[in-house]
Amino acid sequence: MSVPVIAELLKKHESELLQEWIASQRAAGIRTDLIDEGTVLNNSRELLKLLSIAALGGIDDLGSAEWKPVRNMIEALSRTQSRQGFSPSETATFVFSLKEPLFAKIQANCADPASEMLKASQLLDKLGLYSMESYMTGRESVIREQQESMLELSTPVVELWKGVLAIPLIGSLDSNRTQIVMEALLEKIVQTESEIAIIDITGVPTVDTMVAQHLLKTVTAAKLMGARCIISGIRPQIAATIVHLGVELGDVITKSSLADAFSVALKELDIRLVKGSLR
Amino acid sequence: MGKTEIFPLKQETDIVIVRQRVRKAAEAVRLGLVSQTKIVTAASEIARNALIYGGGGECVIEETTKDGRGAVRLVISDQGEGIANLDRAMVDGYTSGSGMGLGLGGAKRLVDQFAIESQPGQGTRIELWKWR
């Protein structure tokens, strides 16, 4: 198989292409606040080199082994850029800005510039799309990480007193989170050998039957481990809603505020707080 | 007045969005805090049913009026298996799944007007009204 014209051009005019590519990136605007020109130059030189090697084996199948180094580099660059805060078009411009200089070289050196340009254009479009895909994958992994860290953040179990735990629930309680909340609470009960756990739902906007069911299951599980639960932070509108839903809270102690629940807990543990006497 | 929006119910996060939008609509037609919470909770129950038992569907949220009073009207529908025995499904404590069996009956008690249409194999359509 003959060497593709584009591969020859890339090899022959490598340094010129690099200069012009950098120039066209500069014209499109380089985010000097996020990346310095030296890095841009190195990246461009590296990618150009990889491109000219890969193109030797044909430019039709970017999935082939020859193109792997190019794909890897674009993927790594695009992912990094998505984390650094580049916009999608800024990321795609890196690849697309090679079009102009490459087309100029084709125009000047080829007998049949139109068909070569079409091929070059298809090649760069594919690489541009690939960089976009990698960019999106990078973004998605950021979102996933944030979701996971939010799950952890939102379930702190705190010890209010020796033997009294509190778990302030905030936000909507759907199955995933509730599971984590429940496990965290049960673990902490064992760890601290607590007798009373206060589940505060002040920050839960909606208590529907699923949330109620999760709460009741948590209470039952805690009871099996020898701890009593108090549910606090039940606001008037939530109370009215629970009644109409027909949810029976059974013998669970409920209080309207965390402070009330805490004083009940202290009373149960037979602890009395005495105001310091005046001297 | 008369704002209507349609939201898909395809995954669990859609229920959260529906709850938020229903609350917004309830605030917009100036329902009281208790009424707001009731219609949001009812929407949550029915939307979850549509997702779990109906295999997903959609929720129409309409800000409207009822006899001159501000009202929220919700239509939640799915194209799932439908409910074979409506009377039994409305009974508290009955469930074909793993829930508490209070969703349908509870939602009915939480709203001012409740209508359900369901045919086996045809899906389920539930209309909920709450007004000032």
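The centres of domain 1 and domain 2 of chain A, taken over C-alpha atoms, sit 54 Å apart. Domain 1 of chain A covers 5–151 and domain 2 covers 158–268, with bounds that come from an automatic or database domain assignment. This is a predicted model, in which local features need pLDDT of at least 70 and side-chain atom pairs count only at pLDDT 80 or more, while totals for chains, interfaces and linings use all residues. Residues are numbered from 1 along each chain as its sequence is written, and chains are lettered from A and ligands numbered from 1 in the order in which they are written.

As for confidence, the predictor puts the complex at an ipTM of 0.88 and a pTM of 0.70. Chain B has an average pLDDT of 93, and 99% of its residues score at least 70; pLDDT is the predictor's confidence in each residue, from 0 to 100.

Turning to the fold of chain B, its 4 helices and 5 strands run along the sequence as β-α-α-β-β-α-α-β-β. Helices (H or I, at least four residues) and strands (E, at least two) are DSSP runs, numbered from the N terminus. The radius of gyration of chain B, at 14 Å, is close to the 14 Å that the globule rule gives for 132 residues, so chain B is as compact as a globular protein of that length. That radius is taken over C-alpha atoms, and the rule is 2.2 Å times the number of residues to the power 0.38. Along its principal axes, the C-alpha trace of chain B spans about 35 × 25 × 20 Å.

Of the 132 residues in chain B, 42% are buried (20 or more other C-beta atoms within 10 Å of the residue's own, with C-beta atoms placed from the backbone). Helix α2 of chain B (residues 33–52) has 17 of its 20 residues buried, so the rest of the structure largely encloses it.

Finally, the contact between the chains takes 16 residues from chain A and 21 residues from chain B, where two residues are in contact if their C-beta atoms, placed from the backbone, lie within 7 Å. On the side of chain A that touches chain B, α9 (209–224) and α10 (236–245) each supply at least two residues, and α10(A) gives the most, with 6 residues.

Key: A residue is buried if 20 or more other C-beta atoms lie within 10 Å of its own, exposed if 12 or fewer, and partly exposed in between; C-beta atoms are placed from the backbone.
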